[in-house]
Amino acid sequence: MQRYLLFFLVFIFLAVGMQIPVYATSQSEAEDRFYTAINMKDNAEKVNEFINLAILYRNISFDTALLCCDIAGGIAQQINYTEGEANALYKKSLIYSNIGSLVKAIEYAEDALHIAETIQDTLFMAKVHYALGNLFNDSDSIYLALDHFRFALKIFQQNKDTAKVAIVYSGLGNYYKNISAYDSSASCFHRYLEYSTPGTNPKNMAKILGSLGDIYLKSNDFENSRKYFELALEQNLMTNDINELATIYSRFGGLEVALVNHPAALIYYDLADSIYRKYKIKEGINNCRVNKSLLYLEQGKYEQASSKLDSALIYYKDENLPQGMIAAWLAKADIYRKQKYYDKALEYCDSSITLAEKTGLLKRLEQSLNVLISIYYDQGSWKKVSAALIRLHDVEDSIYNLNKSVSIADLMIKYEREKDQLKIINLEVQNLHLEYQKLQRTKQRNAFFYIGSGLVILAVALLFFFRYRAHKNQVIAEQQIKQLQEEKKFLAARFLVEGQESERKRIASAIHDSLGVLLSTSKMHITAIKDNNPDNQVLIDKATRQLEEASSEMRKISHNMMPGLLSKLGLCEALEDLFDTLNESKGLDARLEVLGPKNRLPENQEIMIYRVVQEMVNNTLKHAQADKVDLTLVIHPDELDLSYSDNGKGFDIKEIIRKKTMGVQSIRSRVKFLDGIINIKSSPGNGSVYRISIPLETNRGLTSV
């Protein structure tokens, strides 16, 4: 054993000292392996090679990964290699899960499980059951996840695989959290911590600690909540996991709201929001909007709260996120209840109740019914309060029965685990004396060797540290150079765009002020000639009409280059004029709605936003064959949300982006220039929808129109 350890230390020293490179499998290497595997003889080795290739191609080419699974499965069927056939189906399920196609992923996982059951491969069955538990946990059929997790847990416990037992407990904890069974969820997460080894992935550990803090917050155990949030933050800072770091800041904000420390809560929400916006994580941005709206609701700032919720609801509806929709609807209902607009409050409350029942979210249904009771109570509708209380009681009974069944199942699992532990303890007691004697014999012999090994490891660690620090400094310098180059490109593009708009404005003014005057003067002269020379009246009338057409075209060109209303009255007036023109001259049903204060923006920002809308309208007129367009502007103090849609023939977004058509590229580049976020949804025959969020400058001191 000592000899093997010495060889291992020497290998580490050589690997670090000589900087042996290790490269990830590239696409060309994967292709070489693919063509080599094609020429192999049909046997189990070939099946396993194509299964390994499917995993390699999972992040390179979705279609090629599926092809590798199909080849492996087909050969496995021909040679009657049942384990290979089941494994190919399982890998196919993972590939579909990787792209979020849950229905397909569940279908192939269940096929793999059926084959594994026929050959009674229990470890493979446990692996597939765990995968199915996670898939159902993310689907609408969430309650189907529990039995799969339990089966996987039992098999891994029997095989004393503590690492996989810990992983299954994390899945169970997420399941119970999703159905709002918080006591059971906390129990499972604590068991994950018990079974985890010192080498456990810090990212997974951070997620579990954060979930525990969240559960204690929902249970009003603020001391434990802060404790686990702080532990999670330590792990996140170690791993630099941006998304989880923002999540833990949001959770700290929720804790401060519960403690009625609103200034601290707003600081945490702003920290999370800044991270989400920097990395353009849309779900996080909208979750922050809901969190801030709840904070504004606590402070009685109803208009600010409602505005945040409106923007978040657009995203949750587009992405079909029931938890987010229910939370936003309940907050809207509470806003209208406090303002005594009971009909609107009931409307939002009914929507949340319907969706909670449809998706089986019992805790959300309980929250919705409590809000409904508050509305009826404020109205003085005592009969409706009574009926809602009965309904709430039934829901609470369902939650109680669910928690009871969960607790019973957990006790059974704990009992079986403790029986296994007792057997292990008995075996350990029998071997303890022998191990102690062996330890005494080898203790003195190994002392010198371990001291020497420790010195070698220390030397290797120091060498590795200094080389790592040098490499890190080099990487940082390269990143700084790259950032400076990007900033230089951005400034060049900014100056180019600003110069173009300035030149447009100058040319439009010149055309209007000089050419327009010349045309008007010419028309006056021709009219005077007509009065003095009636013999050439036909030619003079024709010349007059042509001059009028030239004047009209001149005004159109000047207006397109720089609308006068845009520079004089601002963005909102210019857009209203544009949509009036569409209604009057283009035969479109064009609708414009502006929500929020119509303050003037910086001139460059107004011009860019107008050009974006103008380009979307031009695309509709040229290509969409639409008869209806809608534009909604939601203006917040720090952000402008723009939603544009038409009912035209639509287009294939991937194809348009691949071809880099000028229209869409112009829109995307102008939005990027404004540091905005754009989301385009369209498909052939289904019209087009553009959603754009643009950050606005605060404290700009501009007057309202």
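**The sheet and the salt bridges**

A: Strand 3 pairs with strand 5 (residues 688-695) in the antiparallel sense, and 8 bridges hold this pairing. The model is a predicted one. Within the strand 5 pairing, Leu640 stands opposite Ile694. In a regular strand, side chains alternate between the two faces of the sheet.

Strand 5 also pairs with strand 4, again in the antiparallel sense, over 6 bridges. Here Lys681 is the residue that stands opposite Val689 of strand 5. Strand 4 and strand 5 form a hairpin with 5 residues between them. In the turn of this hairpin, Gly685 has a positive phi of about 90°.

These pairings belong to an open sheet of 5 strands, whose order is 1-2-3-5-4 and whose pairing is mixed. Its edges are strand 1 (589-595) and strand 4 (677-682), each of which pairs on one side only. From one strand to the next, the twist averages 10°.

Arg591 has Asp630 in strand 2 as its bridge partner. Helix 23 (residues 571-585) packs on the sheet and touches strand 1, strand 2 and strand 3 (639-646). The direction of helix 23 makes about 165° with that of strand 1.

Turning to the salt bridges, one network links Asp270, Asp273, Arg277, Arg289, Lys292, Glu639 and Asp641. The count for the model comes to 24 salt bridges.

One of these salt bridges joins the side chains of Glu49 and Arg33, at 2.9 Å from N to O. This pair links distant parts of the chain, with Glu49 in helix 3 (residues 44-57) and Arg33 in helix 2 (residues 27-38), 16 residues apart. Glu49 counts as buried because its relative accessibility is 18%, below the 20% limit for that class. Arg33 is partly exposed, since its relative accessible area is 31%.

A further salt bridge is formed by Glu256 and Arg226, whose closest N and O atoms are 3.2 Å apart. This pair too links distant parts of the chain: Glu256 belongs to helix 13 (residues 242-258) and Arg226 to helix 12 (residues 222-239), and they are 30 residues apart. With a relative accessible area of 5%, Glu256 is buried, whereas Arg226, at 26% relative accessibility, counts as partly exposed.

The side chains of Glu347 and Lys344 also meet in a salt bridge, at 3.9 Å from N to O. Both residues lie in helix 18 (residues 342-359), and because they are 3 residues apart there, about one helical turn separates them. Glu347 is partly exposed, with a relative accessible area of 45%, and Lys344 counts as partly exposed at 34% relative accessibility.

Leu458, Leu462, Phe465 and Phe466 make a nonpolar surface patch of about 390 Å². Among them, Leu462 lies in helix 20 (residues 382-532). Leu462 counts as partly exposed because its relative accessibility is 43%.

Note on methods: Residues numbered from 1 in each chain as written. Predicted model: local features only at pLDDT ≥ 70, side-chain atom pairs only at ≥ 80, totals over all residues. Heavy atoms only, no water. Patch = residues over 30% accessible without salt bridge, like charges linked within 9 Å, V, L, I, M, F, W, Y side chains within 5 Å. Areas by Shrake-Rupley, 256 points an atom, 1.4 Å probe, with all protein chains shown as cover. Salt bridge = Lys/Arg side-chain N within 4 Å of Asp/Glu carboxyl O. Helix = DSSP H or I, 4+ residues; strand = E, 2+ residues; numbered from the N terminus. Buried < 20%, exposed > 50% of the residue type's maximum accessible area, 1.4 Å probe, protein only. Pairing = 2+ DSSP bridges. Axes fitted to C-alpha atoms, helices over the stretch in contact; angles between N-to-C directions. Contact = heavy atoms within 4.5 Å.
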